[in-house]
Amino acid sequence: MTIDFVVATPHDAVEFNDVYRNTTASAGYIACNNIYNRVVLNEWYEINPFPDLATHWEQLDGSRRWRFHLNQAARWQDGTPLTAHDVVYTHLHAMKMGYTGGRFLKDVETIVAVNDHTVDYQLHTPNAGFLVLLGNFIFTHILPRHLYEGTDWATNPHNLKPVGSGPFRLAEWIPGEHIVMEAVKNHWGPQPEIDRLILKIVPDRDECVRMVARGEAHFFPQDTLTKDRLHLLDDATADIELLRDPGPGMALLDFNHSRDLWRDQRVREAVAHAVNRKEIAELGDPGVSQAWDHYLLGSVEWAFNPDAKAPAHDVERARALLDEAGVTADPSGVRARLSMYYMDSFYGHKPLAEMIARQLGEIGFEVAFEGLSSVDWARRIGAEHDFDLFIVGGSMAPDPEITAPKYSTGGQGNLAGHHNPDVDAAYLAARTAGTLAERGAHYRRLQEVWARDTEWVPLFWYGTYFARSTKFYGWSDQLGYSVPWWHWGRIRPV
């Protein structure tokens, strides 16, 4: 009997190469976690890395060089051995071309194949948090050099017909309907205990939830089930369990720092004063999610600074700051007309955008907001920098180093154009610190700087809701977060 594991997901695939470009939350993003491998693995709730392609590693030269010993049994799905040369090629080329896979590798000076199964990452400066950058996101998957080298990644046919090293191979993709992946027989790693992994494309998030409630699917991705949809599980006929937990990140408001308006700290502070978290709190769920005014999650206890907070709600102070900065109103009462965007795959950001637009209207800003697909986000925000404000979510756990590509000068994920020497200094000090306690002290200083300069504005510590079938075992939390949430190579029927 064929054992199928079914995931209902609202977003179809674009392609199957997230090292090339980011299609966050798409079915392709999910599929890549099961088709490819990373060097090491990190997940949201566990700061220590786990083996993937690497069986073990060494921290050398005071965290300036990291040596990884690869599993010598690793094979590509076409039978070709996977070697250190695949690792070197994938990440060096992604860095050279500015692809998403290089986003978290800014500190890398070069990557060297010591031999066929040993690879060194040599960094510009020591970085004690490097492993969380290398293992936390799927953008750092390793691609087959023999199928990509010498090609244009934008048009390589294996973006649509991937050859990975993971436990599942792509069997069928019918756009708008489903993606079917089959277990790789005699896989070099843990052998999958399900035969097929099926991603059903169901744009209606309500229906995704109902499918799990009826037993027609076994799982759905993050941000599919939200607080306002919990009632859809009331009459569930399938054997399911509901997980409600504080999430690994926050939703925040960021500025386009390359525009003159936002270079004035008084204007940024005015925006922060306009934010009314009492209203935002209505979106929360006690014990799961809440309005948030800190610059790090309280769950990252070793680095959290409880004294670093965003400016409190004060409309009159906001108006005074804008007047002082010379941002005055025209005859219609409008100080400036702004564009604000959020990624539409994150359902919870739409009501936040509506609230922020209304709150900024109270201090004279006319805000037009729009949700963008992941592809349009990469173009409008990442490439063209055509925006004033955006609302974005992202992981801030388990190590604040994961935020460095977004907020340090020149970081590839620095879509907002942050350039703050004190922020850069705090990151550098944390990377070179010898102990976790010392690193935590520097990250607390980092939060002080963010708050002092209103670099960005925290809004909401979001939660996660998952309903899943009890007929399967091997979820990330059941395995000590040694596998990613979207990896089902160790899922098995109970």
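1. A quick word on terms before anything else: helices here are DSSP runs of H or I with at least four residues, strands are runs of E with at least two, and both are numbered from the N terminus. On that basis the protein comes to 14 helices and 18 strands. Keep in mind as you read on that this is a predicted model.

2. On overall shape, the radius of gyration is 23 Å, close to the 23 Å that the globule rule gives for 494 residues, so the protein is as compact as a globular protein of that length. If you're setting up a box, the C-alpha atoms fill one of roughly 70 × 60 × 40 Å along the principal axes.

3. Next, packing and surface. Buried residues make up 59% of the 494 in the protein. Looking at contacts with a separation of 6 or more, 70% of them are between residues 24 or more positions apart.

4. For charges, I get 46 positive and 66 negative side chains. The centres of these two sets lie 1 Å apart.

5. Six strands make an open sheet with mixed pairing, and the order is 12-16-11-15-13-14. At its edges stand strand 12 (290-291) and strand 14 (365-372); each has a single partner strand, so one side of each is left without a neighbour in the sheet.

6. Within that order, strand 11 (residues 240-255) and strand 16 (residues 456-469) run antiparallel and are joined by twelve bridges. As a reminder, strands of a sheet pair through backbone hydrogen bonds, either parallel or antiparallel.

7. What about strand 1 (residues 4-9): is it enclosed or open? Five of its six residues are buried, so strand 1 is largely enclosed by the rest of the structure. Strand 1 pairs with strand 10 (residues 196-201) in the parallel sense, over six bridges. Val6 is the residue that stands opposite Ile198 of strand 10.

8. There's also a hairpin, which takes strand 2 to strand 3 through two residues. Strand 2 covers residues 40-43 and strand 3 covers residues 46-51; they run antiparallel, with three bridges between them. One of the pairs to check is Val40, whose bridge partner in strand 3 is Pro51.

9. Ala397 and Pro398 are joined by a cis peptide bond, with omega at about 10°. Pro398 sits in the loop that connects strand 15 (389-395) with helix 12 (404-407).

10. Which phi value does Asp61 have? It is positive, about 50°, although Asp61 is not a glycine. You'll find Asp61 in the loop between strand 4 (54-60) and strand 5 (65-70).

11. Asn186 belongs on the list too: it isn't a glycine, yet its phi is positive at about 55°. Asn186 lies in the loop between strand 9 (178-183) and strand 10. Is Asn186 buried or exposed? Its relative accessibility is 74%, and exposed means over 50%, so Asn186 counts as exposed.

Notes:
Residues numbered from 1 in each chain as written. Predicted model: local features only at pLDDT ≥ 70, side-chain atom pairs only at ≥ 80, totals over all residues. Heavy atoms only, no water. Rg over C-alpha atoms; globule rule 2.2 N^0.38 Å. Buried < 20%, exposed > 50% of the residue type's maximum accessible area, 1.4 Å probe, protein only. Contact = heavy atoms within 4.5 Å. Lys, Arg positive; Asp, Glu negative; His and termini not counted. Charge placed at Lys NZ, Arg CZ, Asp CG, Glu CD. Pairing = 2+ DSSP bridges.
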